[in-house]
Amino acid sequence: MRLRTLTLAAASGTALLAAGLLPAHASAAASPKSAQEGTVSAADLLAKVTSCSQISNGKYKTDDETSATVPVCGKNGAVFWKADMDVDCDGQRTTNCNENRDPWYQDDTAFHQSDGKPLKAETLPYVVVPSTSSIWNYSSAGIKGGGVVAVIYNNKVEYAVVGDTGPTKIIGEASYATAKALGIDPDPATGGTDSGVTYILFKNSQVSPIESHSAAVSLGDKLAKQFLAAN
């Protein structure tokens with residue numbers, strides 16, 4: 001877990017520049033109820049990411065104070081990394097995601113709901129990707145806002161979407177809802193986990209609407225099966 005500094009808040013300001021272009025007719029789904037989603041097991045997914053073919057021009061830190069040890073790796077149809085999980089509470093103000101609960105709170109996310117509002121970290125599983133830098137450009141790798149991510153921890157699979165961008169040199173962050181669904185302490189100030197999280201991002205995928213978790217699970221399960229077949 002990283003104890004975030006004010007540099008994170010400054011860096012994440014770049015997230016305010018981008019917004020997802022998604023249909024305006026759909027409504028948000030309820031918060032996820034369990035963390036074994038779909039029909040593909042964590043073990044089967046992890047068996048395909050045991051080795052890394054590095055596609056990033058360097059490695060990322062998991063915390064401000066640590067050394068850079070995490071590469072972005074390429075596979076057929078996906079990219080992945082193995083890191084920690086810090087808890088992102090940015091987006092719409094809710095009971096557990098606000099200025100009082102999160103000292104680094106930002107009221108916006110890089111990608112927006114179909115109604116134009118920021119995402120809701122407390123109820124929507126989403127993952128944060130590093131902002132574009134000389135290390136790696138996520139969009140050039142086929143990763144976009146609303147893209148599907150299989151997040152694996154403690155033999156559980158949770159499907160999330162790419163929902164926000166973060167610092168250019170740090171990796172390993174996901175929303176309050178993602179952490180909670182995986183059994184990780186979701187407290188934005190003191191929660192998260194130091195290691196053991198695998199993030200598999202499926203290339204050229206996009207959930208529509210981005211706020212529909214059920215749509216992410218449905219598409220994620222389909223893409224996970226294709227990933228197993230292609231690797």
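Guide: A residue counts as buried when its relative accessible area is under 20%. Keep in mind that the model is predicted.

Visitor: By that cut-off, is Trp 136 buried or exposed?
Guide: The cut-off for burial is under 20% relative accessible area. Trp 136 has a relative accessibility of 5%, so Trp 136 counts as buried.

Visitor: How many helices and strands does the chain have, and in what pattern?
Guide: The chain has four helices and seven strands. Read along the sequence, their pattern is α-α-β-β-β-β-β-β-α-β-α.

Visitor: What percentage of the residues is buried?
Guide: The chain exposes about 9300 Å², with 50% of that supplied by carbon and sulfur atoms. Among contacts with a separation of 6 or more, 77% are between residues 24 or more positions apart. Of the 231 residues, the buried share is 55%.

Visitor: How are the rings of Trp 81 and Trp 136 arranged?
Guide: The chain has three aromatic pairs. In this one the ring centres of Trp 81 and Trp 136 are 5.8 Å apart. Planes over 60 degrees apart count as edge-to-face. The planes of Trp 81 and Trp 136 stand at 80°, so the pair is edge-to-face.

Visitor: How many residues apart are Trp 81 and Trp 136?
Guide: Trp 81 belongs to strand β2, whereas Trp 136 is in the loop between β3 (126-130) and β4. The pair thus links distant parts of the chain, and the separation is 55 residues.

Visitor: Which residues form one aromatic cluster with Trp 81?
Guide: Trp 81 is buried, at a relative accessible area of 1%. Trp 81 also pairs with Tyr 199, with 6.0 Å between centres and 35° between planes, a tilted arrangement. Tyr 199 lies in strand β7, 118 residues from Trp 81, and is buried too. The residues that form one cluster with Trp 81 are Trp 136 and Tyr 199.

Visitor: What span should helix α4 have, and how far apart are its end C-alpha atoms?
Guide: Helix α4 covers residues 213-230, which is 18 residues. At 1.5 Å a residue the span should be 26 Å. This agrees with the distance between the end C-alpha atoms, 25 Å.

Visitor: Which elements cover the buried residues of α4?
Guide: An α-helix has 3.6 residues a turn, so residues three or four places apart point the same way. The buried residues of α4 include His 213, Ala 216, Val 217, Gly 220, Leu 223 and Phe 227. What covers the buried residues includes α2 (42-46), β1 (73-75), β2 (78-88), β4 (148-153), β5 (156-166) and β7 (193-202).

Key:
Residues numbered from 1 in each chain as written. Predicted model: local features only at pLDDT ≥ 70, side-chain atom pairs only at ≥ 80, totals over all residues. Heavy atoms only, no water. Helix = DSSP H or I, 4+ residues; strand = E, 2+ residues; numbered from the N terminus. Expected span 1.5 Å × (residues − 1). Buried < 20%, exposed > 50% of the residue type's maximum accessible area, 1.4 Å probe, protein only. Contact = heavy atoms within 4.5 Å. Areas by Shrake-Rupley, 256 points an atom, 1.4 Å probe, with all protein chains shown as cover. Phe/Tyr/Trp six-rings, centres within 6.5 Å; stacked < 30°, edge-to-face > 60°.
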